[in-house]
Structures are given as structure tokens and as C-alpha cells.
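Reader: I am new to this structure and would like a friendly tour. Could you take me through it, one question at a time?

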Amino acid sequence: MKKVSIDPITRLEGHGKIEIFVDDNGEVANVYFQIPELRGFERFCVGRPVEELARITPRICGVCPEAHHMAAAKAIDACYGAEPTRTGKMLREILYNAFSAADHTTHFFVLAAPDFVVGPMADPAERNILGLIAKVGPEAGGKVIQMRAWSHELIEIIGGRSVHPVSTVPGGVSKPLSKEEAARVKEIADYQVEFAQFAIEIFNQVVLGNSEYVDLIMSDMYAHKTYYMGVVDENNKVNFYDGDIRVVDPDGKEFVKFAPDDYLQHITERVEPYSYLVYPYLTGVGWKGFVDGKDSGVYRAAPLARLNAADGMSTPLAQAEYERYFETLGGKPVHATLATHWARLVELLYAAERTQDLANDPDVTSTDIHSMPTGITGEGIGVVEAPRGTLYHHYKTDENGFVTACNLIVGTTNNNAAISMSLKKAAQGLIQPGGEISEGLLNEVEMAFRAYDPCFGCATHTLFGEMPLEVAVREQSTGEVLNTVRRFV
Amino acid sequence: MGKPKVAFFDFACCEGCQIEMTNYGAEPFLELLNHVEIVEFREAMTEKTTEPIDIAFIEGSFTRECDRARLEEIRERAAIVIAYGQCATTGGINALKNHQDDYKEYVYGTDSDMPHLDSQKAYGVDAAIKVDYYAYGCPVNKYEVLQIVLHLLHGKEPVIPNYPVCVECKRRETVCRFLEGDHCMGMVARAGCTAPCPAAGIPCEACRGFVDDPNIPALEKVLVEQAGFTPQRAHEKGRMFTANALEATS
């Protein structure tokens, strides 16, 4: 294979880029997915007082700042030996679940649903949120906008701000919830549950009601038998805010379950010569390249993986939906990448119910919102389930609490190897020798990518449903570009 | 005359400012669309790049020399350029790397000599092109952005605050962080955010940058005397969102 030398610095923008190489026979030889940008957070956090990291690291991502805020908060708790109070933890978890519900909403309705509702081969000008609203009616659009606006209002009530929240402190949060605020939080949580059920109804009608889409979801082209990772509570149920990390093998059997503090024993990060983004794999299995199966350390995270890695959901409506999901899709584990969209809606329902449960707890308005630091321990690891996968924040400090080392594994990074594999498999299945490489066809390739809801240094989200992405098809031996499709509004 | 054409572009950033703009709720958002036409969102340089724009919003830092040409092209097409968000106005949090030169080795270890893993210092976009208006903040205050657009639609000069966050804390009767035994940057930080952080019990980090002509020595003195900081920490405190401004004053 011709050596692929790519200098992303010369590329136009710092966003996701897919390169598909075809050989002399017109068959897909390889696919590369690149991240051409570096911002340097892990380095510039070093030297800062560790408590600032709860407000620096959210700036990694405007889409999921709450995830970084919470992972940082938990790592900082550990650095200060400050165990959160019950109410402090509840308020954090309410904020976090409300955010997870809002984020899943955005992904499903703005990024993913247009493919199914408007159709994968539709004109890109219609294959967006506006086309979606045209299909399902303006009322649905209004509900989505309200879901986003209200969820962010909740985040602002507890977090102080709606984007880049600030309110966690070592051992809890900085501000109690007033009775009036608690009433509003409850009202928003009720709406979230109602909205989640509405979202599942849309999915039933539009996707499950169409056998063509069900076949597409279940087709081998979009499947990989990998390991799956997710945070679980003490009953092995999905939990976004707290718990141990459980990994199941491609047969669905528990491979390992470990405490967040032990993550370095179980995950190794690998660098490839063409991307800024590392490729983590399971140390206990080893790196065998971009392949699936039991002998390959490639694992997946995020909704598909979390449902596979857990034994169920801790809330009743979500548990019922969880059971229907596995019954419909042929039992555990589900390997179909596109099933991630349904898994995401199961989680949306769970997050909303969890917010509702916590908001109804009488202790939610207690003023016992944080504990006091017991000293400086020198190290802290914080793990949460970000919408796009398990998020690890790991800090070390000196005796004064200044950061001396910082390592982050962000949600999407977990899926980096799997994304490349899924793209290659989809491209090989879709691009035929001599066939025309149309926009619609490349969109179907891209659907393999979109299911992961990738968020590369916050690079792949934009308004109105179009990821800023360039797909280039090149001749393998010469590197000549045969076709390029760029996505933007 | 048709509706003014508005376009959005982004460079090195987290896109939180775009997200903030989606949180208006239905009414203001749809109403705004009655008055402006959003013609482009990002990556617009790849196709029809010659169409003139009335207002160009630019998000993100200028951190790669290769982005200069793209910025110049936007400037050429746009009657008004608004830098929005702290990355675009001052370099923002990205500028935290500007005083370090080993971040590549730090992030990638022994793999760091791979040629593509390069990056440069981060500045506001006015390091490359002329900017007409600045919408500060990490993220922007969406209502302030709305005000800026409304003023421009009416042919008025937008009013960008040049007073400190302390003013806004007084207005909403927030108890001073220093009286709570904490520290704060509010006395030199540019207002316009309505001071939500001190109201939530968290010190102001000056995410909108400094006011014009901040008294940095006085800030450092207060941080040392009132908050018990070491002189070095007091000096570095301001770096979080204002690294470039700090560089310029020291």
C-alpha cells in the first residue's frame, strides 16, 4: 500500500476528515479518519491550582462542558479528600442527567434523525433539522427547542450558567437549591420524561415501522463484534454519574470490572502517524490492529456499549424500553452500530427519570451542600459517563494543590479505533468498482460514523444537522482525488 | 432591500458559543430569523466563497498561520466582522498554552516528533484581520449578542461594556467573594455577563477578559493581601482567560 503522508496543518479547517483509498480495481483498500487539530489542554492545565480545572476543562467542549465539569469535580474531590455530601452529590447528578437528556436529544433530532426521517439518500439541503420538521410537523420542532431551552435552564439553575457551568466545589456544590428553584427543576424533569417518551414514539413510527431501515440497522455492513465498556452502579445498572467501569466481551460476558482509580491498568493509549487523536485499547487483550473479535483489544463506549455492558436500567420506564430493545434486536449483546440511536433514546428516558427521582427527594433543598477538604492527597481520578463514552480525568498535584500532571481520555476517544473500522466496513460494502460515488452513498458511509456521535475536540457538531466533514475518495497508488464531498449548510 | 445576510465561521474553539446561541428558546430565535438571513455556517470557504456578507461572526482563536488566508477572505467579503466569544476576541483559554513550548511532548510523549503534531500560539482573530465589534465571554452572553445584532440592524453603534464585573455584582446585590473569604478577578474583569458566577458562589475568572487599562499591579496586591495568594500565584491567576493581555502589560 502506498504510504499515506498527510499534513493536516495544511488542511483548510481543524475538523473531522475521512479519506477513502480505492485500489486499481476500484475497490476500497483503506479508510482513514483524522483529527487535524490540537489545543493542548493536558499541558496547559499543568501549573494551575487544581480547583480551577473544574472551570478550565469544560472549555474543551461547548457541547458537553457539563461532562468535563463533573469528571473534574470528582477528580478534585479526590485531590482534596473531600467526599461530597448527599445533597451536593444529588444536585450534581440532577444537573448531569438533565444535561445528558438534552445532549441525547440534540444528537437524535438534529444530527441522526434526518437520515432516517428524511431518508439517507435525500438531498442534503433537506436532510437536516428543518427537513425533519417539515416531515414530522412543526409541533415536534417546537418540542425539541423547548427541551433544549428548558434543560439548559435547569443546568443554569444548578450550575450557575447554561454553557460552561461553574458551581461544583470540592465536596459538593457552591449554592443550595431554593424551594422555588426546586419546583421549577421538578417541572422541567417532568417535561423531560414526557419528551423522552415522545422521542421513542417518533423512533417507533419512523424507524421501527419501516422494515427497510430495520434491515439497514441490522445489516452486517454496520456491525462489529467488539468489547463494550460502561459505568455501572452496585447492581450493574447503567449510571452516568458514578460507579465502577464494567467491560463485557463480544459474547456479552463480563471481561473485567474495575474501580475508576485502576483505569491505567486496563487501558493503553496508542498513537498513529496521521491523527492527533490517540487510540485506546484494552491492555488485558492487547492491540491487534483495526480488527474486531475476542482477540482484539478494540472496545466501544457510549450508548450501544453502555446498554451491552450493564444488566439493565435503574428506572422503570427505561428498564421496559431496555428489555424491548434487546428483544427486538435479537438479544445481548447488540453489535449493530446503528442501533446506537435507539440505545441513546433508552438512555434519554433513563436520564429524564433519574432527574425526576432526584428532584422529588426532600433533601434536594438541604443547605448541607458541600463538605470541607481534609487535606491535599496529591492525586485524583474522576470518571463519568459522558454522552459519547466513558470520560476519565486524572490529575496529580504538588503539596500546595498545583497540578503537576493531567491525563484525559474523552468519551469519543474510546471509540476512535472502532470508528475507523466501521467507516472502512461501510465504505467497502457501499462503494463498488465502477459504480458512481454519489453524495447519498457517501452519506451512508458517514452514517457509520455519525452513530457514534463523535465529538472530536468539539469539532463535529454544528447547528442544523450538518457535521463539518470532508470525505475524499483517492486513487490508492497515485493519491489522486477522485471525488470529494464536503458537508456544511 | 432583502434581509441582511449573516454568516458564522469558526476556528480553534469548543463551539460553546454556537451552543449558547441555540439556547434562546423558540421565540427570540425564530423572531431573529425574520430579520436576518443566515447564509452560512462554517466551512463555507469550500464552495461559493465570493458572495458578499453583511455580518460575519467569527468564533475561535487564530492559532495556525494557514488560517490567515481564510480569515482575510472572510474579511474581504464581509461588511462587518464581529469576533464572538473569548477565543476570537482575545485568544481565550487557548492562549494558556502561549507561555509553554513543550505541550506537544507532553501530550504525545515519544511520538511527538511526528510532523503533523504541530500548533502555534493562540491569538484573537484581530491578530490577522481588522475586527469591527467584539462580543466577549466564555461563552458569549446570548442576550448581549442579540443586542449587538439589534443595534446594527437599526444602524446604531452597539454598546460594549467597559466597566468591571463588580458593578454587576452590586446591581444584583451579590455579596463580595472577598467578604466570603474567597478571591475574585471581578474588579478588573470586563462586565456584560451579568455576573452569574459570584452569584453562584464562584469567583469571577475574567472570562470576558480585562476592562481597557486594567490595574494589574493592584489586582495582584489585593490577591496577595486579601486572599492570601503567593505573589507568583497572584500573577498567574490572571492567565486563565487573559494570557495575551497579561503578556502585554508585563
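Author: Let us settle one term: helices are DSSP runs of H or I with at least four residues, strands are runs of E with at least two, and both are numbered from the N terminus. Please keep in mind that this is a predicted model.

Reader: Thanks! Where is B:Glu173 found?

Author: The phi of B:Glu173 is near 60°, a positive value in a residue other than glycine. With a relative accessible area of 71%, B:Glu173 is exposed. Its place in chain B is the loop between helix 7 (165–171) and helix 8 (196–199).

Reader: And is B:Thr194 buried, partly exposed or exposed?

Author: B:Thr194 sits in the loop between helix 7 and helix 8 of chain B. Its phi, near 70°, is positive too, in a residue other than glycine. Most residues other than glycine have a negative phi. The relative accessibility of B:Thr194 is 42%, so it counts as partly exposed.

Reader: Which residue does A:Lys332 join through a cis peptide bond?

Author: Most peptide bonds are trans. The cis bond that A:Lys332 takes part in has an omega of about -10°.

Reader: How many nonpolar residues does the contact of helix 11 with helix 12 of chain A have?

Author: On the helix 11 side, the contact residues include A:Pro316, A:Leu317 and A:Tyr325, while A:Trp342, A:Val346 and A:Leu349 are among those of helix 12. By class, this contact of the two chain A helices has one polar and three charged residues, and the nonpolar ones number ten.

Reader: Is A:Glu321 buried or exposed?

Author: A:Glu321 and A:Arg324 both lie in helix 11 of chain A, three residues apart, about one turn of the helix. Their side chains meet in a salt bridge of 2.7 Å, N to O. A:Arg324 is partly exposed at a relative accessible area of 28%. For A:Glu321 the relative accessible area is 8%, so this residue is buried.

Reader: How many residues apart in sequence are the parts tied together by A:Glu347 and A:Arg306?

Author: A:Glu347 and A:Arg306 form a salt bridge, with the closest N and O atoms 2.6 Å apart. Because A:Glu347 lies in helix 12 and A:Arg306 in helix 10 (residues 303–309) of chain A, the pair ties together parts whose separation in sequence is 41 residues.

Reader: Which residue of chain B forms a salt bridge with A:Glu52?

Author: A:Glu52 counts as buried at 1% relative accessibility, and it lies in the loop between helix 1 (41–44) and helix 2 (53–56) of chain A. Its partner is in helix 10 (residues 231–237) of chain B. The closest N and O atoms of the pair are 2.6 Å apart, and the partner is B:Lys237.

Technical notes: Residues are numbered from 1 along each chain as its sequence is written. Chains are lettered from A and ligands numbered from 1 in the order in which they are written. This is a predicted model: local features need pLDDT of at least 70, side-chain atom pairs count only at pLDDT 80 or more; totals for chains, interfaces and linings use all residues. Side-chain values use heavy atoms; hydrogens and water are left out. Contact means heavy atoms within 4.5 Å. Ala, Val, Leu, Ile, Met, Phe, Trp, Tyr, Cys and Pro count as nonpolar, Asp, Glu, Lys and Arg as charged, and the others, Gly among them, as polar. A salt bridge is a side-chain nitrogen of Lys or Arg within 4 Å of a carboxyl oxygen of Asp or Glu. Buried means under 20% relative accessible area, exposed over 50%, partly exposed in between (1.4 Å probe, protein chains only).
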